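Here is a short report on a two-chain model. Look over the sequence and the coordinates first.

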Amino acid sequence: MQLYLPIADLPVNVFLVLAMGAAVGFVSGMFGIGGGFLMTPLLIFIGITPAVAVASVASHIAASSFSGALSYWRRRAIDPALASVLLCGGVTGTTLGVWTFTQLRALGQLDLMIALSYVVLLTTVGSLMFSEGLRALMRTRRGALPPRRTHNWIHGLPLKMRFKRSKIYLSVIPVVIVGIVIGFIGAIMGIGGGFILVPIMIYLLRVPTSTVIGTSMVLTVVTMLFATMLHAATNHLVDAVLALILMVGGVTGAQFGARAGQKIRGEQLRLLLGLLILSVGIRFAIELVIQPSDLFTIRELGVSR
Amino acid sequence: MRRMLLAIVLVLLLGGAARAERLIVSVSNHRVTVTPNYSGEELVLFGSVEKDTTTPADRTAYDLVVTVMGPRADMVTRRKERTFGIWINTDYRQFLQVPSYLALFANRPLDAITSPEIARRQQIGLNNVLLTQRVSGDFADVVPNDAFRSAFIRLRTQRGLYREDGSAVTFLTPTLFRTGIPLPAEVPIGTYEIEIKLFANGAFIGKTETAFEIVKVGFEQFVATTARQNGLIYGLATVAMALMTGWMASIVFRKD
């Protein structure tokens, strides 16, 4: 069944988009991530312009993360204090990100920047996660204990605050900076950033695993909602019809993904996620390096009526 | 004053009479609506060449060129070059107020209809249509084999938005003709102008114009205009929709 998308200005097959939403939702539910880094490239692949894809995926991630965050909230697995400090940074970062997005679009370098950020971020995070997962897997095979957590330089910073539910005593400076960075790249790349935020919070900020996913989801929901608002108000690129189809497919797929995820061990899960992220990154890298089939591209600067 | 008016009317009448042939055309649909299940359409243009007493008797073989032009827009063509091992956009040209859709249909190959000189003056053929570029502060069309111009036409043609067909117009009788106007799925919204130019023995002998419009209706129209005019409200609505969907999912799939 074909459906005409009012903002993307092209007809798409509803079932194809629903299936894409469900597939990405399955992956996101399984790994507890937003799945934007898969959704945005898929949309670009079916012919939607990168700009519209990035802007529309934001609301899709918000929806799936919100349903996730609600269930974590019921299980009291969200640290409200930590979430609010992260949000201060996140909102600032998103504003900067959307502004940069607009500037790059005017310069004609947006598509390149999106591709470059994907390559750099995904290959780095993917290979880190993959090697870490591999090491953890070897450790469990040998039956050795995981290395003891130690305090690092971040815990020497001033402006310390007590986060009760996470039971940590931490400076607000790194938390705000992490929020800014995630908000910024999220707005430019059309990703929630959960797959970067969760490792940062675990390894750098030493947030306990009981609250880390729920709290990171709160940041994802708010930054993505904020990004949707800004993209809609400044660039008029959010396709609500596309977003709705993606959301419906996404939240459904996520439920089944979450059930599947509980059957797999943590280390294997991280290994798989690392592999997935790495392959998306390499896919983008290949595209940048090999000669494109057409060197020319056209962009319409708005039809005058 | 009255004498002057009379003179003008006379000149007009005589001018009309001197043209000898008249073109009468009609499009099958003057208003194409883009609905949720829109996936392209084909319009039909009908017409006839009306002769009168002043028409030379030996004139029988007519040639027709139908030009369909979509709403005009500014466009940028960019060229990628390898820089530091990766392919990035470097050079670009801006095309000013060029048709977003452009189709040229004729009953014979376009270069066989008339001389290159007249073809250029009457903008017959994609190579002769005026595509104004901004070249370092200047406004001009460039030679047809310019890299950016030909890339522009090639890319638009690939998307079905520019086309040239020397066999699309068919003469049902020596004076009655028809042609199909295919509109691809991703067709630009707006007013489309159609120019029908008549040739005989290579000479341009007259033209007529008509138009049709493509409009989004109902829901599509509502969404598109709201997004453009009330971005903030549209954003709020999308945000509310996202929260609703997320909330409903968490209720529907609640395990306890």
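This is a predicted model: local features need pLDDT of at least 70, side-chain atom pairs count only at pLDDT 80 or more; totals for chains, interfaces and linings use all residues.

Residues are numbered from 1 along each chain as its sequence is written, while chains are lettered from A and ligands numbered from 1 in the order in which they are written.

**The two chains**

Helices and strands are DSSP runs, numbered from the N terminus (helices H or I, at least four residues; strands E, at least two). The radius of gyration is taken over C-alpha atoms, and the globule rule is 2.2 Å times the number of residues to the power 0.38. A residue counts as buried if 20 or more other C-beta atoms lie within 10 Å of its own, as exposed if 12 or fewer do, and as partly exposed in between; C-beta atoms are placed from the backbone.

| Chain | Helices and strands | Radius of gyration | C-alpha box | Buried residues |
| B | six helices, 14 strands | 25 Å | roughly 90 × 50 × 45 Å | 29% of 256 residues |

For chain B, a compact globule would have a radius near 18 Å, but the chain has 25 Å.

Contacts are residue pairs whose C-beta atoms, placed from the backbone, lie within 7 Å. In chain A, 81% of the contacts between residues at least 6 apart in sequence join residues at least 24 apart. In chain B, residues 24 or more positions apart account for 66% of the contacts with a separation of 6 or more.

An unreviewed UniProt entry annotates "transmembrane region" on chain A, including residues 12–38 and 269–290. Such annotations may be inferred rather than shown by experiment. Residues 12–38 of chain A are 78% helix and 7% strand, with end C-alpha atoms 18 Å apart. Residues 269–290 of chain A are 95% helix and 0% strand, with end C-alpha atoms 32 Å apart.

**Where the chains meet**

Contacts link 51 residues of chain B with 49 residues of chain A. On chain B, α6 gives the most to this side, with 15 residues. By class, the side of chain B that touches chain A has 29 nonpolar, 13 polar and nine charged residues. Ala, Val, Leu, Ile, Met, Phe, Trp, Tyr, Cys and Pro count as nonpolar, Asp, Glu, Lys and Arg as charged, and the others, Gly among them, as polar.

**Helix α6 of chain B**

Helix α6(B) covers residues 231–252, and its end C-alpha atoms are 31 Å apart. Buried residues in α6(B) include Gly231(B), Tyr234(B), Ala242(B) and Ser250(B). The buried residues of α6(B) fall within an arc of 145 degrees seen down the axis, so they line one face. The arc is that of the directions from the helix axis to the C-beta atoms. On the other side, Leu232(B), Ala240(B), Ile251(B) and Val252(B) are exposed. What do the buried residues of α6(B) pack against? They pack against α3, α8 and α9 of chain A together with α5 of chain B.

**Phe31 of chain A**

Phe31(A) lies in helix α1 (residues 14–31) of chain A. Phe31(A) is buried, with 23 other C-beta atoms within 10 Å. Leaving aside neighbours within four places in sequence, Phe31(A) is in contact with Gly261(A), Leu269(A) and Leu273(A). Phe31(A) and Ala260(A) are 229 residues apart along the chain, yet their C-alpha atoms are separated by 9.6 Å.

Conventions. Two residues are in contact if their C-beta atoms, placed from the backbone, lie within 7 Å. The expected span of a helix is 1.5 Å times one less than its number of residues.
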